[in-house]
Amino acid sequence: MTDPVFKRLAILGIGLIGSSIARAAAETGAAETIALWDRDADVRAEATELGLGQVAASGQEAVRGADCVILCVPVGALGEVTGAVASALAPGAILTDVGSVKTAAAAAMAAAAPDGVFVIPGHPIAGTEASGPAAGFATLFTGAWHILTPPPDSADTAGSAEALAALSGFWTRLGARVETMDAERHDRVLAITSHLPHLIAFNIVATAYDMERVDEQDVVKYSAGGFRDFTRIAASDPTMWRDVFLANKDAVLETLGRFSEDLAALQRAIRWGDGDALFQEFTRARRIRKAIIDAGMDSAEVNFGRDKPPPT
Ligand code: NAP
């Protein structure tokens, strides 16, 4: 096996993403030692039972001597968790995260991290709607993008290029495709590709649920595949998503404004019986789906390759 990228990797927060990193790092030999910590004692016990690594009794104990620390907690908790371990971080250590919003993550970690630590925010574009240490799996990052957003002012700092190369090498070893971009661009892109779709899913599921109660319609019982797919997305962790919308407020509101205008245009086309407009829009959408499949970002199989039809 090739040499480990890091001698001691510390993972704080043993949920879906943290436990998946631990599994992938162990399987690929990307870290010699894997130390983990979670604020919840039951989760720490579960992680020990699952054999995810050396489970520490405190965050400080986990990060002591680590050359890389990955924060796998909701975006709103990044500042607090960084502050709690700051005095135990080794000079020259890399501090990164997996949060879904990067401008806020960078600011929170940079404000709380001590000098001499390389803060390099990151975001794996991989996940599921499940939470907790049992939900993780080693292949989660295989073939997925991992976006790193190193602060622009770090480029001139001695050692920062080496730190960025080491972190890129780590994620590449886990099977990810690494891309570097500025945090603002990340947040604008993810607002439309991830954050808005989640907001729509949360909203449509809530609307359908309310309709069922008010009109006594069996919306949920007779939901076809389309609605079922929204319910999967809407089952995602509420804390994580609350933090995403609070932290990426501007980009999400801008994107939501554009979306509302486009939705109003479709509404008008339906009202006035403008079939051509509807057909054109749906044809364009279908082309985008094809481009996603051609880029290898999703399965070409009908109904995502599910073998069972939606239950009736
Ligand atoms: P998860 O399975 O719910 O795990 C979240 C972890 O954060 C748990 O260990 C939780 O502790 C801990 N935590 C929550 N609030 C905390 C606080 N205030 N202080 C300290 N620890 C706290 O969630 P996840 O999916 O792994 O998400 C973790 C991060 O990954 C989030 O920042 C999210 O934006 C990002 N992310 C998620 C996905 C996805 O699809 N799920 C994809 C890419 C990136 P407890 O054990 O006490 O609950």
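1. Start with Ser236, which sits in the loop between α8 (225–234) and α9. This is a predicted model, so the remarks below describe computed geometry. Ser236 is buried, because its relative accessible area is 9% and the cut-off for buried is under 20%. A polar atom of the Ser236 side chain lies 2.7 Å from the backbone oxygen of Ile233.

2. Next, the ligand. The shell around the ligand counts 27 residues. Leu16, Asp38, Arg39, Val73 and Ser100 come nearest. By type, the shell divides into 14 nonpolar, 9 polar and 4 charged residues. Two elements deserve a look here. Helix α1 (16–28) supplies at least two residues of the shell, and so does strand β7 (122–124).

3. Which backbone atoms lie close to ligand oxygen atoms? Take Val73: a backbone N or O atom of this residue is 2.7 Å from an oxygen atom of the ligand. For Ile17, the distance from a polar backbone atom to a ligand oxygen is 2.9 Å. For Thr128, a backbone N or O atom is 3.4 Å from an oxygen atom of the ligand. As for cover, the ligand on its own has 900 Å² of accessible area, and the protein covers 85% of that.

4. His195 belongs to helix α7. Is His195 buried or exposed? It counts as buried, because its relative accessibility is 0%. Ser100 itself is among the residues that come nearest to the ligand.

5. Now the aromatic rings. A pair of rings is described by the distance of the centres and the angle of the planes. The count in this model comes to 5 aromatic pairs. One of them joins Phe141 and Trp171. This pair is edge-to-face, with 5.1 Å from centre to centre and 85° between the planes. It links distant parts of the chain, 30 residues apart. Phe141 is in the loop between β7 and β8 (145–148), while Trp171 is in helix α6 (residues 160–173). Phe141 is buried, at a relative accessible area of 1%. Trp171 is buried as well, at 1% relative accessibility.

6. A second pair involves Phe202 and Trp241. Why is this pair called edge-to-face? The planes stand at 65°, and over 60 degrees counts as edge-to-face. The ring centres are 6.5 Å apart. This pair, too, links distant parts of the chain, 39 residues apart. Phe202 lies in helix α7 (residues 183–215) and Trp241 in helix α9 (residues 238–247). The two rings differ in cover. Phe202 is partly exposed at 25%, whereas Trp241 is buried at 4%.

7. Together with Phe6 and Phe170 they form one aromatic cluster. Elsewhere, a charge meets a ring. The charged end of Arg177 sits over the ring of Trp145, 4.6 Å from the ring centre.

8. Helix α6 also holds Thr172. Thr172 counts as partly exposed, because its relative accessibility is 46%. How far apart in space are Thr172 and His146? Their C-alpha atoms are 8.6 Å apart, and the two residues are 26 residues apart in sequence.

9. Gln267 is in helix α10 (residues 249–271). At 48% relative accessibility, it is partly exposed. Gln267 and Ile293 are 26 residues apart along the chain, and 28 Å separates their C-alpha atoms.

10. Last, Ala107, found in helix α5 (residues 102–112). Is Ala107 buried, partly exposed or exposed? Its relative accessibility is 49%, so it counts as partly exposed, the limit for exposed being over 50%. Ala107 and Pro91 are 16 residues apart along the chain. Their C-alpha atoms are separated by 19 Å.

Definitions and conventions: Residues numbered from 1 in each chain as written. Predicted model: local features only at pLDDT ≥ 70, side-chain atom pairs only at ≥ 80, totals over all residues. Heavy atoms only, no water. Near = heavy atom within 4 Å. Polar contact = N/O pair within 3.5 Å; in protein donor to acceptor, adjacent residues only side chain to side chain. Areas by Shrake-Rupley, 256 points an atom, 1.4 Å probe, with all protein chains shown as cover. Helix = DSSP H or I, 4+ residues; strand = E, 2+ residues; numbered from the N terminus. Nonpolar A, V, L, I, M, F, W, Y, C, P; charged D, E, K, R; others polar. Phe/Tyr/Trp six-rings, centres within 6.5 Å; stacked < 30°, edge-to-face > 60°. Buried < 20%, exposed > 50% of the residue type's maximum accessible area, 1.4 Å probe, protein only. Lys NZ or Arg CZ within 6 Å of the ring centre and 35° of its normal.
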